[in-house]
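This report describes selected packing and strand-pairing features of one protein model. The sequence and structure come first.

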Amino acid sequence: MQKKLLEKFLRYVSIPTQSDPASNTVPTTPQQYELAELLKEDLQKIGLKDLFLSDCSVLTGYLPANQPRASKIPKIGFCAHLDTVNVNLSPVVKPHLIKNYNGKDICLNREKDIWLRTKEYPKIKDYIGEDILVTDGTSVLGADNKAAIANIVTALEYLTEHPEIMHGDIYIAFVPDEECGLRGSKKMNFNRFPADFAYTIDCCETGEVVCQTFNAAEASVTIKGVPAHPMAAKGVMVNPTLIAVDLVNSFDRQQTPEHTEGMEGYTWFREIKTNAAEGTVTISIRDHHKDLFQLRKKQLSDAVKFLQARYKQAKIDLKINDIYCNIADVITPENQKAIDLLYHALKDLNIKAKTIAMRGGTDGSFISTKGILTPNYFTGAMNFHSNKEFLPLNAFEKSCRTTLKIIELTGKI
């Protein structure tokens with residue numbers, strides 16, 4: 001299984017699918033559609049039915065049930081995203097395999113003197129003696145989320161090769177631009193993904209389970225000031241830069257990403273662009289607690305109202321858009337079985353569950369709001385969004401075994 005997972009993963013990361021947050025299209029980059037076309041061909045060979053690739057690069061289809069009582073078995077779904085994150089690294093991924101890791105620092109790129117050092121990333125020493133996939137130090141590895149794609153395709157292929165594993169209908173959705181605010185999952189046609197519950201495979205260490213994500217909003221404050229020559233500026237000039245600074249300074253510096261952890265939310269001033277005439281401030285708002293999330297949005301609104309009153313000659317506008325919700329807020333006794341099955345699968349595989357409240361979101365954060373509870377579990381990779389990302393093959397296999405075990409358990413309901 002490790003060989004098959006590795007072959008598929010290397011094939012998929014060979015297509016550079018870095019998304020582009022500045023683009024207004026979906027997909028934001030054409031290579032994501034190219035990968036979706038390749039996946040459609042792979043899934044056709046496996047025997048999936050009703051495969052459909054939309055103009056927005058959303059690929060859906062399903063593997064039909066292989067038992068007569070299929071109508072009584074829940075329809076299960078799996079979702080993964082096509083894009084890799086844009087963090088100002090190369091879009092081209094050049095992975096290489098470290099065989100029988102010896103526990104020492106790893107030179108990723110000798111020419112550029114890039115190292116994965118155990119002092120900075122001590123978790124890698126948990127995998128001494130194992131085979132580990134790493135980058136060449138110039139890009140992310142792309143396990144987020146191509147490890148999940150390889151996982152799902154390998155699991156479906158395994159099921160067709162092992163018909164003794166009884167299962168119900170299994171739906172898939174491969175979507176673009178998760179890294180740009182879950183844009184791809186928001187383009188899904190849920191008539192083509194009629195799962196009773198689903199899973200994303202989009203986090204890190206072996207055993208990680210995510211049933212809680214942030215509530216998320218993105219905000220922008222646009223400022224139009226009054227420019228004037230400094231020699232005649234008194235009582236005339238309204239400086240957008242100072243207004244932006246006043247806005248940022250009205251918030252608690254301890255309520256930012258670099259000062260929070262666990263279940264603590266934050267307000268993140270991500271970008272300030274100003275000149276003599278106008279400016280824009282871009283803000284991310286995150287919180288696991290719905291009431292605190294709403295309070296953070298109100299704090300921003302109140303701050304803008306204060307500045308509007310203070311700088312009457314300026315034009316200051318606020319826009320806030322909700323991006324995704326906390327999965328935990330849609331869990332009910334009726335859909336809890338999706339989570340129970342995941343923990344059951346881990347127990348059967350002797351994998352210790354590590355439940356975390358994710359300080360981020362997954363496609364499941366949106367899909368769950370559509371009546372399809374979609375918790376998340378591990379790929380086995382570490383250091384997502386970094387050129388020091390690595391993927392131990394044993395952990396990769398455990399992730400795929402978890403997928404298969406969930407399917408097997410669902411087939412017995």
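## Cores, strands and a buried loop residue

Leu43 touches Leu48, Leu51, Leu59, Val153, Leu156, Ile172 and Phe174, leaving aside residues up to four places away in sequence; contact means heavy atoms within 4.5 Å. The model is predicted, so local features need pLDDT of at least 70 and side-chain atom pairs count only at pLDDT 80 or more, while totals for chains, interfaces and linings use all residues. Residues are numbered from 1 along each chain as its sequence is written, and side-chain values use heavy atoms, without hydrogens and water.

Leu43, Phe174 and Tyr199 have the most contacts inside the largest nonpolar core, which has 80 residues. A nonpolar core is a set of buried Ala, Val, Leu, Ile, Met, Phe, Trp, Tyr and Cys residues joined through side-chain atoms within 4.5 Å. Buried means under 20% relative accessible area, exposed over 50%, and partly exposed in between (1.4 Å probe, protein chains only). Helix α3 (residues 143-161) gives the most to this core, with ten residues. Helices (H or I, at least four residues) and strands (E, at least two) are DSSP runs, numbered from the N terminus. Another core, of 22 residues, lies apart from the largest one and includes Val238, Phe251, Ile283 and Ile285.

Strand β2 (residues 59-63) is largely enclosed by the rest of the structure, because four of its five residues are buried.

| Strands | Bridges | Residues opposite each other |
| β2 and β8 (residues 170-175) | five bridges | Tyr62 and Tyr171 |
| β4 and β7 (residues 132-134) | three bridges | Leu97 and Leu133 |

The hairpin of β1 and β2 has five residues between the strands, and Ser57 there takes a positive phi near 70°.

An open sheet of three strands has the order β4-β7-β17, with antiparallel pairing. Its edges are β4 (96-98) and β17 (390-392); each has a single partner strand, so one side of each is left without a neighbour in the sheet. The twist averages 25° from one strand to the next. Helix α8 (residues 393-410) lies across β4 and β17, running at about 70° to β17. Axes are lines fitted to C-alpha atoms, for helices over the stretch in contact, and angles run from 0 to 180 degrees between N-to-C directions.

Thr206 lies in the loop between β9 (197-203) and β10 (208-212). Thr206 is buried, with a relative accessible area of 13%. Its contacts, not counting residues up to four places away in sequence, include Ile351, Phe378 and Lys398.

Terms used:
Two strands pair if DSSP finds at least two bridges between them.
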